[in-house]
Amino acid sequence: MKVAFVYMNHTNNVGAGAGYVAAAARDAGHDVVFFDTFVWPEPEIIGQLSQMRFDVLMISTVAPFFGEALQLIRSVKKKINIPVLMGGSHPTAVGARTLNNHPEIDYVCVGEGEAMVSDFLAALSLRDFSGVSNLAYRVSGKIRQNPVAPPQDLSKLPPFPWEFFSNESVVLSELPGIRYIYVMATRGCPFKCSYCANSAYLDLYGKQYLRFRPISDVIEDLKYLYDRYSPNAFYFGDEMMLSDKHYARELFTATHREIGLPYGCMARVEMVDYELIRHMAVTGCHYIGMGIECGDQKFRYEFLNRKMSNTQIKRAFALAKEAGIYTLSFNMIGFPVEYDEELTEATVNLNLDINPGFASFSIFYPIPGTRLYQYCVDCDLIDREKERLVKDYADESILRGISLSQKKKEIEAFVNAECFNPNLRARAKISSQN
C-alpha cells in the first residue's frame with residue numbers, strides 16, 4: 001500500500017512516536033511518504049495527496065493541533081476519497097468518541113501504534129478490523145473499540161527513520177556553538193500529574209507504561225547520529241531516565257566511553273542524589289533540566305498531583321550546580337484558579353532562591369483526558385475560539401478573559417536577568433508585582 005503519513009507539528013523537532021509508527025509501516029513492506037507540517041505547508045500536502053494516489057492517510061496529532069488536523073482532513077476529502085487513521089496523544093485521550101464527533105475520521109489508534117499499524121494496513125484490504133488491537137472504527141454505523149494490546153516492547157522497535165525529518169529538526173542549535181540532537185532512551189512515566197497527557201496512557205497501560213530501551217540500541221543510535229550529523233552534544237529528553245539509577249549509570253558510562261560527547265538530560269528532582277550527580281558530571285553531563293511547575297508546595301501536591309517538596313527541589317538544583325552541571329527549571333503560569341497571581345509569585349521566588357542557569361516558563365494548557373481539563377470544562381473556563389487559534393503550549397492561555405503571553409516574557413526576562421544579577425533583580429518589575 002501507498003501510505004501518506006502526516007505529522008502535525010509547528011516547530012523544529014523530531015516526533016518520536018510518529019516516526020516509529022511510520023517506520024513500522026515501512027518495515028511491513030508499505031511505501032510510506034512522510035509529511036512533517038513544520039516543513040510541508042498544508043496546500044502542498046493536499047496537492048501531493050491529490051496527485052500521488054495514496055491508499056490511506058495516517059495523521060498524528062496532539063491537542064493544540066487537532067483542529068488544524070481536522071481541517072486538513074476535510075480539505076483532502078473534498079478532493080479524494082481516502083480512508084483516514086488518526087493517532088497521537090489527543091485521539092488516545094478522547095478515544096472512540098473522536099469518531100462520534102468527527103465523521104471525516106474513519107479510524108482511530110488508541111494508545112501506541114507501532115505494533116498495530118501493520119495489522120491495520122493488512123485489514124484495510126479485507127475490511128475486517130476485528131483482530132486489530134488499539135483500533136476504534138465503524139461497522140454498519142456503529143462504533144467499535146477493540147482491546148488495547150500490552151505496551152510496545154522497546155527492544156523490538158524498528159530503526160528510527162531520522163531521514164523523515166529535516167536536518168534543522170534533527171540537529172538543534174539553540175545556544176551559540178552548540179549543535180545537539182534530542183534522543184530518547186525510555187518511554188512512559190509512572191506519574192499522573194493532573195495537567196499531563198500521560199494520564200491517558202497510564203489509564204490504558206498502568207505501571208507497564210514505563211520502559212527502557214536496551215542500552216546497546218541507544219548507543220547504536222548515538223553512533224549513527226554522530227556519523228551522519230556531526231553534533232557536538234546529545235540531549236536525553238527522558239524525565240524518567242534516573243528512575244532506574246543502575247540503567248542511568250550504565251547508559252551514561254557507555255555514552256562517555258563509546259561516543260565521548262557531552263550530554264544533557266531531564267530529571268525529576270526526587271530522583272537526583274549525590275552519587276548519581278557526581279557520576280553524571282564525570283561521564284560528561286553538562287546540562288540537566290528539572291520540572292518545578294509551581295513554587296507553591298501545597299498547590300503542587302494537591303492540585304497538580306506532583307508530589308515533591310520545595311526542599312527536594314532546592315537540594316536537587318544545589319547538587320547539580322555543585323557538580324558543575326548547568327541547570328534549567330521548567331515552570332508554569334496561568335493555572336485555572338483565582339489566586340494564580342499568588343502562585344506565580346511563589347514560583348518566581350522559588351526560582352530566585354534555587355538560582356538555575358535558566359528558568360523556562362510555559363502557560364497552562366488544558367489537555368483533553370486530564371483531570372485539569374475536566375475541571376476547566378466543568379467550570380466553563382475554556383474559550384473555544386482561543387483554543388482554535390493557539391497552536392503551542394507556551395504561546396497563550398486559552399482560558400476565558402486571560403492573556404498571558406506578554407506577562408510570560410516579562411517574568412522570564414526578570415527571573416533570568418543577567419544570570420540573576422542581584423542589583424538588576426532588585427530594580428526589575430513584573431506585572432504580578434505592580
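These questions and answers go through a sheet, the helices across it and a pocket in a predicted model.

Me: What makes S4 and S5 paired strands?
Reply: Two strands pair if DSSP finds at least two bridges between them, and two bridges join strand S4 (residues 84–87) to strand S5 (residues 107–109), so these strands count as paired. They run parallel, and Met86 stands opposite Val108 in S5.

Me: Why are S2 and S7 said to stand at the edges?
Reply: The open sheet has seven strands in the order S2-S1-S3-S4-S5-S6-S7, with mixed pairing. Strand S2 (31–36) and strand S7 (142–145) each have a single partner strand, so one side of each is left without a neighbour in the sheet. Neighbouring strands of this sheet are turned by 20° against each other on average, with direction ignored.

Me: How do you know which way H1 and H3 run against the strands they lie across?
Reply: Angles run from 0 to 180 degrees between N-to-C directions. Helix H1 (residues 16–27), which lies across S1, S2 and S3, runs at about 160° to S2, while H3, which lies across S1, S3 and S4, runs at about 170° to S4.

Me: What makes Phe66 and Glu387 fall into separate groups in the lining of the second largest pocket?
Reply: Phe counts as nonpolar and Glu as charged, and both Phe66 and Glu387 are among the residues nearest the pocket's centre. The 23 lining residues divide into ten nonpolar, eight polar and five charged, around a space of about 500 Å³.

Methods. Residues are numbered from 1 along each chain as its sequence is written. This is a predicted model: local features need pLDDT of at least 70, side-chain atom pairs count only at pLDDT 80 or more; totals for chains, interfaces and linings use all residues. Side-chain values use heavy atoms; hydrogens and water are left out. On a 1 Å grid over the protein atoms alone, a cavity is a set of points where a 1.4 Å probe fits but cannot get out, and a pocket is an open set with protein on both sides within 12 Å along at least five of seven lines; lining residues have an atom within 4 Å of a point. Grid points are joined across faces, edges and corners, and a volume is the space filled by probe spheres set on the points. Helices (H or I, at least four residues) and strands (E, at least two) are DSSP runs, numbered from the N terminus. Contact means heavy atoms within 4.5 Å.
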